[in-house]
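Please look over the model shown here.

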Amino acid sequence: MTTASAAASWLDRFESGLVRIIAIFAILILISIVGIVFIAVVMRYGFNLALVSSFDVSTLLFAWLIFLGLVMAERDGAHMGIDITDMLPPRLHRMVVFLRYALLLAAACYLCRIGLALVERTGTQIPSLRISTRWLYAALPVGFGLLAVAYAIRLVRLLLSPAGKA
């Protein structure tokens, strides 16, 4: 086994483990959202009682679900894209794919930085939960930071792959 193939194998295992951990969190978050909303509806219409914090908790969890889902969607190729590059010659296709991942990595890093600035500037509180709004906004830099890691892995994997493959 060559060094490049060993590194690529390690990257594959690392990415699979990362996505598996994120998937577990996403499943737990989704189950929590469904449970909270179900209980809130039963309480509201069955017992005429309102769960004051159910909306805020479900909103907070939904934000985390969306931003954690970025990495899983990238892994599955579910983000919007154009497949016209498949018709290009292999060498040009490889360069276009490299440029794509490099630009996406730069965008993810930039959005992570913007998200961190947003978290730092936020000083308000979610009244019904009595927690900082930073918990809500923290989903943005965490999600885009993980997405940046995924794009970096894709770039390294592309560099380690044989010249004919992309």
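## D12 and its salt bridge

D12 is partly exposed, with a relative accessible area of 35%; buried stands for under 20% relative accessible area, exposed for over 50%, and partly exposed for what lies in between (1.4 Å probe, protein chains only). The partner of D12 in a salt bridge is R157, with 2.9 Å between the closest N and O atoms. D12 belongs to helix 1 and R157 to helix 5 (residues 139-160), so the pair ties together parts that are 145 residues apart in sequence. R157 counts as partly exposed, at 21% relative accessibility. A salt bridge here is a side-chain nitrogen of Lys or Arg within 4 Å of a carboxyl oxygen of Asp or Glu, and helices (H or I, at least four residues) and strands (E, at least two) are DSSP runs, numbered from the N terminus.

This is a predicted model, in which local features need pLDDT of at least 70, side-chain atom pairs count only at pLDDT 80 or more, and totals for chains, interfaces and linings use all residues. Residues are numbered from 1 along each chain as its sequence is written, and side-chain values use heavy atoms, with hydrogens and water left out.

E15 is buried, with a relative accessible area of 5%. The side chain of E15 meets that of R157 in a salt bridge of 2.5 Å, N to O. This pair links distant parts of the chain, R157 in helix 5 and E15 in helix 1, 142 residues apart.

E15 also forms a salt bridge with R154, at 3.6 Å from N to O. R154 lies in helix 5 and E15 in helix 1, so the pair ties together parts that are 139 residues apart in sequence. Both R154 and E15 are buried. The whole structure holds five salt bridges, and a network of them links D12, E15, E74, R75, R154 and R157.

## Aromatic pairs

Three aromatic pairs are found in the whole structure. The ring centres of W10 and F14 are 5.5 Å apart and the planes are at 10 degrees, so this pair is stacked. Rings of Phe, Tyr and Trp (its six-membered ring) pair if their centres lie within 6.5 Å; planes under 30 degrees apart count as stacked, over 60 as edge-to-face and the rest as tilted.

W10 and F14 are both in helix 1 (residues 3-47), four residues apart, about one turn of the helix. W10 is partly exposed at 48% relative accessibility, and F14 is partly exposed at 37%.

## Nonpolar surface patch

A nonpolar patch on the surface consists of F38, I39, V42, F47, L49 and L51, which together have about 580 Å² of accessible area. Patch residues have over 30% relative accessible area and no salt bridge; like charges are joined within 9 Å, nonpolar side chains (Val, Leu, Ile, Met, Phe, Trp, Tyr) within 5 Å. Accessible areas come from the Shrake-Rupley method with a 1.4 Å probe, and for residues only the protein chains shown count as cover. I39, one of the patch residues, is in helix 1 and is partly exposed at 46% relative accessibility.

## Overall form

The chain has five helices and two strands, in the order α-α-α-β-β-α-α along the sequence. The C-alpha atoms fill a box of roughly 65 × 35 × 30 Å along the principal axes. Of the 166 residues, 31% count as buried.
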